[in-house]
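Q: I have a model open and want to learn to read it feature by feature. Can we start with charged pairs?

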Amino acid sequence: MATRMIEFEKGSMMEGMYDAYLGLVVGISHSYKFAAHFVKHSVVRKSLRYLGFDMKQTLEGIDASQGLRVIGVGYGRTGTYSLTLALEELGFPTLHTQHLYEHVEIFDMWTDNVFLPSIKDNKVTMGEPDFDMMVKHGFQATTDLPMALYFEEVHERYPDCKFILTTRKSSEIWFKSWDTLTKSITQPARYGGKIFTSVHKISKYLRWLFTIVNKDTTYLKAPFPLPDQNKEQAISSYEEHNRRVREVIPPHLLLEYSVEQGWDPLCNFLEIQDCPARPFPKSNSAISVQVQSISSFIVPLILVLFCIFYLFSFTFQRATGRTVLSWVNVKLNQLLHRVVMGRRKVQPVAFEAKEKPL
């Protein structure tokens, strides 16, 4: 994941251009990973399984005795990915929802245990996610939704786990960022889900998530693109969630935090002695997210069209003995010749006036 480690003047053109560049890099990266994931799991593994080879993932050697140690319980668009990068740097292997598709068993667990039952029943259900599965895959921390919604269950399952509630300066600022994100990702999820299995799962997740945030079951069955966010309901959900976290989690296990505060509050809360001196990681700005969503959809489309054109050109050259471009060039010349000749034929004939005899 590309991060902005270079400091620019806030709101400057250079900051926007650099964030757009990072968004393009990340979008292309996601496209590559979606394609690689599809080939690996939908082509290679299925073929090997058909031939009798067992391709089950082994999780031996992973110490799961400590359980989950840190949970980011802030809603999406509160700096959850910057927090993820910071936790990773502090030594906590962290699972963010943005990379959920890279872990098939975990994503399948969420889909089968939570998202699909809710969609099938056409009502909001929280299901029974397997938190231990994430621990067995080597993660000590998680951030972002949907895990942020399960703070009560996590606190009960892992009493020593610490919770970080990321927030924005105001609910209005949060919703503006949240609304930008949701509008950016629904179209890629709509079309990408028809090709890649992992994107199809993401579309199920979005239905479930939007239903929870907007308190509206319409999203569970509505066709893509999903309806716009309900500002009043979304803000109410955001504020109720934050209030409930403050009520349930004991103060000594909870840090209410803004990523703009940097390293110090985080290091103090997690009892990290050697706090990093380098700039706090910044990622997923509004511009970056929009470019990510567009590039993750456009780049694969361009590649597919290129492959189709290449195959067509190869077949055409084998069949006709000439390239598509040379054939087009000949046809254009013939067309221009016809146009020029046609104009000459319709030119008016000039008649010389004859003198009348006196």
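Predicted model: local features only at pLDDT ≥ 70, side-chain atom pairs only at ≥ 80, totals over all residues.

Q: Which residue pairs with E271, and how far apart are the closest N and O atoms?
A: The partner is K162, and the closest N and O atoms are 3.7 Å apart. E271 sits in the loop between α10 (263-269) and α11 (286-320), while K162 belongs to strand β4 (residues 162-166), so the bridge ties together parts 109 residues apart in sequence.

Q: Is E271 buried or exposed? And K162, buried or exposed?
A: Compare each value with the cut-offs: under 20% is buried, over 50% is exposed. E271 has 62% relative accessibility, so E271 counts as exposed. K162 has 16%, so K162 counts as buried.

Q: What joins K183 and D179?
A: A salt bridge between their side chains, at 3.2 Å from N to O. Both residues lie in helix α6 (residues 171-192); because they are 4 residues apart there, about one helical turn separates them. D179 is buried, at 14% relative accessibility. K183 is partly exposed, with a relative accessible area of 47%.

Q: Where do K215 and E240 lie?
A: K215 is in the loop between α7 (197-214) and α8 (218-221), and E240 is in helix α9, so this pair ties together parts that are 25 residues apart in sequence. The two form a salt bridge, with 3.0 Å between the closest N and O atoms. K215 counts as partly exposed at 40% relative accessibility. E240 also counts as partly exposed, at 35%.

Q: How many residues apart in sequence are V245 and L149?
A: They are 96 residues apart in sequence. In space, V245 and L149 are 9.3 Å apart, C-alpha to C-alpha.

Q: Which residues line the largest cavity?
A: The lining consists of L95, H96, T97, L100, W110, M134, T142, T143, D144, P146 and M147. Strands β2 (94-96) and β3 (141-143) each supply at least two residues of that lining. By class, the lining residues divide into 6 nonpolar, 4 polar and 1 charged.

Q: Last, the surface. Which residues form a nonpolar patch there?
A: W327, V328, L332, L335 and V339 form one. Together they have about 420 Å² of accessible area.

Q: Take one member. Where is L332 found, and how does L332 count by relative accessibility?
A: L332 is found in helix α12 (residues 324-345). Its relative accessibility is 47%, so L332 counts as partly exposed. Residues between the 20% and 50% cut-offs fall in that class.

Key. Residues numbered from 1 in each chain as written. Heavy atoms only, no water. Patch = residues over 30% accessible without salt bridge, like charges linked within 9 Å, V, L, I, M, F, W, Y side chains within 5 Å. Areas by Shrake-Rupley, 256 points an atom, 1.4 Å probe, with all protein chains shown as cover. Salt bridge = Lys/Arg side-chain N within 4 Å of Asp/Glu carboxyl O. Buried < 20%, exposed > 50% of the residue type's maximum accessible area, 1.4 Å probe, protein only. 1 Å grid on protein atoms, 1.4 Å probe; cavity = no way out; pocket = protein on both sides within 12 Å on 5 of 7 lines; lining within 4 Å. Nonpolar A, V, L, I, M, F, W, Y, C, P; charged D, E, K, R; others polar.
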